[in-house]
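I opened my notebook to look through a chain and jot down what I found. Here is the model, followed by my entries.

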Amino acid sequence: MLLKFVHVLLAIVAVGTNATYGIWLARVAKAPVPTQSHVLRGIKTLDDWFANPAYVLLAVTGVAMVLVGDLRFTTFWIAGGIVLWVVAIALGFGVYTPMLRAQIRALETAGPESAEYRTAAGNARFVGILTAVIVVAIVFLMVTKPSPS
């Protein structure tokens with residue numbers, strides 16, 4: 001029971017943190033460069049120190065629940081969640097984080113009106129939305145626990 005509580009709490013931290021990024025980015029879009037930079041760096045801090053570690057620990061607690069419970073890794077919703085988690089982690093660590101660094105660099109060197117910044121911001125937004133859709137699919141699987149018909 002405690003393991004499941006920790007697992008759900010980690011999901012709240014990970015998904016909840018990520019859910020705020022779009023709001024922060026929309027609010028700061030027309031702000032001065034130092035404010036935009038501060039917000040982007042804040043998002044990077046939240047991603048590096050809260051969301052990403054929570055996603056990694058979600059895997060640890062999820063695997064632990066399967067190992068100590070009556071569930072199997074081959075159960076449809078667990079297997080589907082694992083596959084989607086791997087995709088989301090690959091996008092998050094391998095694509096979004098480097099894009100966020102590039103976005104910050106472009107903002108601070110070329111400015112918010114530059115083609116470099118607009119491209120970096122657009123790419124990061126696309127990958128962020130794609131990752132969010134995948135994470136919502138994982139949450140759907142974990143909550144509804146569907147079985148193939």
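**Entry 1: F76 and its contacts**

I began with F76 and asked which residues it touches, not counting residues up to four places away in sequence. I found L141, P146, S147 and P148. A reminder to myself: this is a predicted model.

F76 lies in helix α3, and that helix covers residues 76-110.

**Entry 2: the whole chain**

Next I stepped back to see what the chain is made of. I counted 4 helices and 0 strands, and from the N terminus on the elements run α-α-α-α. The C-alpha atoms fill a box of roughly 55 × 30 × 20 Å, taken along the principal axes.

How much of the chain is buried? I noted 32% of the 149 residues. I then checked the contacts with a separation of 6 or more, and residues 24 or more positions apart account for 74% of them.

**Entry 3: how the helices pack**

I took the helix pairs in turn. Two packed helices are described by the angle between their axes and the distance between the axes, so I noted both values for each pair.

I started with α1, which spans residues 2-28, and α2, which spans residues 33-68. Their axes are 8 Å apart and the packing angle is about 160°. Angles over 145 degrees count as roughly antiparallel, and α1 and α2 are therefore roughly antiparallel to each other. Their crossing is left-handed.

For α2 and α3, the axes come within 11 Å and cross at roughly 160°. That makes α2 roughly antiparallel to α3. I recorded a left-handed crossing for α2 and α3 as well.

The last pair I looked up was α3 with α4, the helix of residues 115-144. Here the axes come within 8 Å and the crossing angle is roughly 160°. That makes α3 roughly antiparallel to α4. α3 passes α4 in a left-handed crossing.

**Entry 4: Q103, a residue inside**

I went back to α3 for Q103, which is found in that helix. Is Q103 buried or exposed? Its relative accessibility is 4%. The limit for buried is under 20%, so Q103 counts as buried.

What does Q103 touch, leaving out residues up to four places away in sequence? My list reads L40, Y117, A120, A121 and A124.

**Entry 5: V68, a residue outside**

The relative accessible area of V68 is 68%, and exposed means over 50%, so V68 goes down as exposed.

How far is V68 from A31, 37 residues away along the chain? The C-alpha atoms of V68 and A31 are separated by 50 Å.

I finished with K145, whose place is in the segment after α4. With a relative accessibility of 41%, K145 counts as partly exposed.

Where does the charged end of K145 sit? I found it over the ring of W77, 4.7 Å from the ring's centre.

While on the subject of rings, I also looked for aromatic pairs, and the structure holds 0 of them.

Definitions and conventions: Residues numbered from 1 in each chain as written. Predicted model: local features only at pLDDT ≥ 70, side-chain atom pairs only at ≥ 80, totals over all residues. Heavy atoms only, no water. Helix = DSSP H or I, 4+ residues; strand = E, 2+ residues; numbered from the N terminus. Buried < 20%, exposed > 50% of the residue type's maximum accessible area, 1.4 Å probe, protein only. Contact = heavy atoms within 4.5 Å. Phe/Tyr/Trp six-rings, centres within 6.5 Å; stacked < 30°, edge-to-face > 60°. Lys NZ or Arg CZ within 6 Å of the ring centre and 35° of its normal. Axes fitted to C-alpha atoms, helices over the stretch in contact; angles between N-to-C directions. Parallel < 35°, antiparallel > 145°, perpendicular 65-115°, else oblique. Left-handed = near helix turned anticlockwise from the far one by under 90°.
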